[in-house]
Amino acid sequence: MVIMCENKEIAKDSLNNITKFLKENLKLTLNSKTRIFKDIQGVNFCGYKINEKRLKIRHTSKCRMKRKLKRYTRQLKEGKITLPEIQRSIAGWLGYVKHADSYNLRKSMFYIEG
């Protein structure tokens, strides 16, 4: 869960309220990764880099897909994979990135002429 607050005091109050609710009502505790970040820093969550103004794709996710595309190109030339298999993989990845600010990323990775 990611909660965005206006300032650090509100964030601390929210965290205390959530911790109390979880403990009293659900008998749960937060793990050691629970932190308060500055908005400029952003936070990695569910494959996205989230900050106050933008939702971006994590750098590692972009690099992983670029490597996959190179591998797919090689495998397609060698006949080890079919075009529909590649298209299914790319469609899944595009479904994931469309939720972020990724227009230029999609345009640069999948340049289509015309």
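Glu78 and Lys80 pair up in a salt bridge, with their closest N and O atoms 3.3 Å apart. The term salt bridge is used here for a side-chain nitrogen of Lys or Arg within 4 Å of a carboxyl oxygen of Asp or Glu. Side chains of opposite charge can pair when their charged atoms come close. Glu78 is partly exposed, at a relative accessible area of 45%, while Lys80 is exposed, at 64%. For these labels, buried means under 20% relative accessible area, exposed means over 50%, and partly exposed is what lies in between (1.4 Å probe, protein chains only).

A word on where all this comes from: the model is predicted, local features need a pLDDT of at least 70, side-chain atom pairs count only at pLDDT 80 or more, and totals for chains, interfaces and linings use all residues. Residues are numbered from 1 along each chain as its sequence is written, and side-chain values use heavy atoms, with hydrogens and water left out.

The structure holds 2 salt bridges. Besides the Glu78 pair, there is one between the side chains of Asp101 and Arg54, at 3.5 Å from N to O. Asp101 sits in the loop between helix 3 (83-97) and helix 4 (103-109), and Arg54 in the loop between strand 2 (48-50) and strand 3 (55-57), so this pair ties together parts that are 47 residues apart in sequence. Asp101 is partly exposed at 43% relative accessibility, and Arg54 is partly exposed too, at 41%. As for charge across the protein chain, there are 27 positive and 10 negative side chains, and the centres of the two sets lie 9 Å apart. In that count, Lys and Arg are positive and Asp and Glu negative, with His and the chain ends not counted. Each charge is placed at NZ of Lys, CZ of Arg, CG of Asp or CD of Glu.

Now for the overall layout. The protein chain has 4 helices and 3 strands, and from the N terminus on the elements run α-β-β-β-α-α-α. Helices (H or I, at least four residues) and strands (E, at least two) are DSSP runs, numbered from the N terminus. The C-alpha atoms fill a box of roughly 60 × 30 × 20 Å along the principal axes. Of the 114 residues, 19% count as buried. The accessible surface is about 9,400 Å², and 53% of that belongs to carbon and sulfur atoms. These areas come from the Shrake-Rupley method with a 1.4 Å probe; for residues, only the protein chains shown count as cover.

Contacts, meaning heavy atoms within 4.5 Å, can also be followed along the sequence. Among the contacts in the protein chain with a separation of 6 or more, 43% are between residues 24 or more positions apart. Ser61 lies in helix 2 (residues 59-78) and is buried at 8% relative accessibility. Neighbours within four places in sequence aside, Ser61 is in contact with Gly47, Trp93 and Tyr96. Ser102 belongs to the loop between helix 3 and helix 4 and is buried as well, with a relative accessible area of 2%. Not counting residues up to four places away in sequence, Ser102 touches Ile57 and Val97.

Most residues other than glycine have a negative phi, and most peptide bonds are trans. Lys27, however, is not a glycine and has a positive phi of about 55°. Lys27 is in the loop between helix 1 (8-26) and strand 1 (43-45), exposed at 68% relative accessibility. Cys46, not a glycine either, also has a positive phi of about 55°. Cys46 is found in the loop between strand 1 and strand 2 and is exposed at 59%.

Finally, some distances. Lys70 in helix 2 is exposed at 65%; Lys70 and Tyr103 are 33 residues apart in sequence and 21 Å apart in space, C-alpha to C-alpha.
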